[in-house]
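My notes follow the order in which I checked them.

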Amino acid sequence: MSDQLTTDQTTTGRGERVALTDRHIRTLPAPATGKRIYFDNHRDAPKGFGVRVMASGTKSFVLRYRTQAGAARIQTIGEYPTWTLTAARLEANAIRQRVDSGADPLGARREERAEPTVTDLVDLFDKARLGELASGPEIRRYFDRDHPDWGHWTPHDLRRTCRTRLSEIGIAQEVAEKVIGHTAQGVVGVYDQHKYRHEIRAALQAWERRLLGIIDPPAGNVVELVRGAA
């Protein structure tokens, strides 16, 4: 593979392969224009890990990889020296493991940033349906009254909250992943063909009970506060 980098909607730059050390990184020269990437040959470094040096002198650790569909990616890990070389290698290895299992971390991040917020979805629902409903004005008032606190959330935020709370209430990892629509990767995805329908239903019922307990807590958990005499 050529050292010339070309990624989707990123700039290009020459890549060089060296055994990175802190001392070496500190002395890396900035290119006259653009950027230059020095790939790490260290035994603990995953394929595609390196440090990117900008013409401005800024240095950042990156990981170059390709998705299963063949799209080229360069994911920024963090700036040097805020990130140490050792910490960046560890993070790069973790990302590489996800990539090798079929994930596209950078693509997922881009999709998350592009997601509409709850406010956006409420506005779309308002334009598409509320005008047709007799209760439309009442529903809109409900959203306007309540969504300022959570209107900036995205569907991904709601999925993450659900996934976290499923673990909190004791739902097994493989079932919780199925609930939010994640597909098993690697060997597990090949050999475990169980659909988990009954387990998903039970998990959602447990999640429903948890939500209802938050909305309308049992009377025994409510303590009435009495104001003392002045």
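I sort residues by relative accessible area: under 20% is buried, over 50% is exposed, and anything in between is partly exposed. I keep in mind that this is a predicted model.

**Entry 1, the fold.** I counted nine helices and five strands in the chain. I then read the order from the N terminus: β-α-β-β-β-β-α-α-α-α-α-α-α-α. I looked up burial next. Of the 230 residues in the chain, 31% are buried. I also checked contacts between residues at least 6 apart in sequence, and 46% of these join residues at least 24 apart. The chain exposes about 15,500 Å². Carbon and sulfur atoms supply 52% of that area.

I found Trp150 in the loop between α5 (136–146) and α6 (155–168). Is Trp150 buried, partly exposed or exposed? Its relative accessible area is 29%, so I call Trp150 partly exposed. I then asked which residues Trp150 touches, leaving aside its neighbours within four places in sequence. Trp150 is in contact with Val118 and Phe143. Trp150 and Val118 lie 32 residues apart in sequence, and their C-alpha atoms are 7.3 Å apart in space.

I looked up a nonpolar surface patch of about 400 Å². Leu211, Leu212, Ile214 and Ile215 make this patch. I placed Ile215 in helix α9, residues 197–215. Ile215 has a relative accessible area of 67%, so I log Ile215 as exposed.

Notes:
Residues numbered from 1 in each chain as written. Predicted model: local features only at pLDDT ≥ 70, side-chain atom pairs only at ≥ 80, totals over all residues. Heavy atoms only, no water. Helix = DSSP H or I, 4+ residues; strand = E, 2+ residues; numbered from the N terminus. Buried < 20%, exposed > 50% of the residue type's maximum accessible area, 1.4 Å probe, protein only. Contact = heavy atoms within 4.5 Å. Areas by Shrake-Rupley, 256 points an atom, 1.4 Å probe, with all protein chains shown as cover. Patch = residues over 30% accessible without salt bridge, like charges linked within 9 Å, V, L, I, M, F, W, Y side chains within 5 Å. Salt bridge = Lys/Arg side-chain N within 4 Å of Asp/Glu carboxyl O.
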